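Please view the sequence and the structure together while reading.

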Amino acid sequence: MVLALFLAVSVLWGVPYLFNDIALRGVGPLWIAAGRTVIAAVALGPLLFRDGRWRLLTRRWRPVVLIACVEVAVPFALIAVGQQHVASGTTGVLIALEPIFVAIITLLITRGTRLHLRGWLGLAIGIIGVSLLLGLDVTGPAAWLIVGAALSYAAGAVLISRLFADTDALTTTAAMIVTAAPILLLIACLTEPFRTPGPQAWGALLVLGLACSAAGFSTFFALIRRSGPTIASLTTYVAPIVALAAGVVVLGEKFTLLQALSCALILSGAALVMRRPRRSAPGRQEAAPLAAADGS
């Protein structure tokens with residue numbers, strides 16, 4: 001059961017970039033971000049009506065709006081806009097920078113936190129990898145939008161752990177998705193002309209909203225309940241491989257040896273950063289990243 005959940009999460013969070021690419025052929029990027037969020041909100045919204053969970057939206061609406069923007073609206077929009085010029089596989093690898101950014105943010109904002117030697121090595125390797133990947137002609141300046149999305153996901157993960165540690169994870173997810181939907185709809189209406197999606201684009205949006213977002217989050221939290229956050233966090237390394245494979249097999253994207261090297265460096269760096277040491281110094285908190293849940 002755990003293996004099935006693990007593989008499901010890895011696939012559900014590895015293929016969004018493929019379906020973003022397909023949807024971009026018929027829909028503007030901001031409408032993709034809005035559309036997938038509205039579909040996910042319709043699927044997850046009913047959860048808020050169980051056991052009075054909707055009260056989270058009224059009692060703590062400010063932090064809910066904050067994480068809705070940082071963890072959903074901003075990264076979804078940046079990824080869709082960036083993917084107009086960045087290959088889907090490369091996008092998946094750049095999003096794997098999230099745990100590295102979580103470690104950096106935790107170091108900066110948490111007093112008394114330090115990063116172990118393995119973590120510093122991971123940061124250095126990850127930075128080398130992303131520098132190599134961003135220097136390739138296939139990425140261009142739009143790749144920085146994807147990096148910005150990974151940074152936004154990381155900030156959202158830190159905020160969720162601080163502001164909603166006492167709240168059921170799936171309730172928090174449903175609340176932020178439902179809140180992000182009208183925000184993204186408003187942004188899309190004000191900034192981008194609407195084009196009626198064709199059958200392929202509609203299909204891609206449905207997969208993005210129902211499978212990659214709604215089912216992806218639900219499956220991820222089910223995996224955490226079954227196996228714990230450590231095992232669940234390993235999907236961070238498998239999802240980019242799924243994204244790369246999907247891009248090459250389905251879209252015919254090129255994958256060079258230099259790209260493979262940069263991807264290996266980024267994933268290795270993330271693995272080192274996320275790995276906790278066996279013992280921590282007394283009174284010192286290690287800057288170990290959270291089990292990321294972006295549902296991108």
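## Basis of the description

Helices are DSSP runs of H or I with at least four residues, numbered from the N terminus. The model is a predicted one.

## Threonine 171

Threonine 171 lies in helix α10, which covers residues 169-191. Its relative accessible area is 5%; because buried means under 20%, threonine 171 is classed as buried. Leaving aside residues up to four places away in sequence, threonine 171 is in contact with Leu48, Arg53 and Leu56.

## Alanine 214

Alanine 214 belongs to helix α11, formed by residues 199-227. This alanine 214 counts as buried because its relative accessibility is 7%.

When residues up to four places away in sequence are not counted, alanine 214 touches Ala40, Ala43, Leu44 and Gly209. Between alanine 214 and threonine 173 the C-alpha to C-alpha distance is 9.1 Å, and 41 residues separate the two in sequence.

## Packing of helices α3 and α5

Two packed helices are described by the angle between their axes and the distance between the axes. Helix α3 (residues 29-44) packs with helix α5 (residues 61-82) at about 135°, and their axes are 8 Å apart. The angle therefore makes α3 oblique to α5. In passing α5, α3 forms a right-handed crossing.

On the α3 side, the contact is made by Pro29, Leu30, Ala33, Arg36 and Thr37; on the α5 side, by Val72, Phe76, Ala77, Ala80 and Val81. Sorted by class, this contact of α3 with α5 comprises eight nonpolar residues, one polar and one charged.

Note on methods
Residues numbered from 1 in each chain as written. Predicted model: local features only at pLDDT ≥ 70, side-chain atom pairs only at ≥ 80, totals over all residues. Heavy atoms only, no water. Helix = DSSP H or I, 4+ residues; strand = E, 2+ residues; numbered from the N terminus. Buried < 20%, exposed > 50% of the residue type's maximum accessible area, 1.4 Å probe, protein only. Contact = heavy atoms within 4.5 Å. Axes fitted to C-alpha atoms, helices over the stretch in contact; angles between N-to-C directions. Parallel < 35°, antiparallel > 145°, perpendicular 65-115°, else oblique. Left-handed = near helix turned anticlockwise from the far one by under 90°. Nonpolar A, V, L, I, M, F, W, Y, C, P; charged D, E, K, R; others polar.
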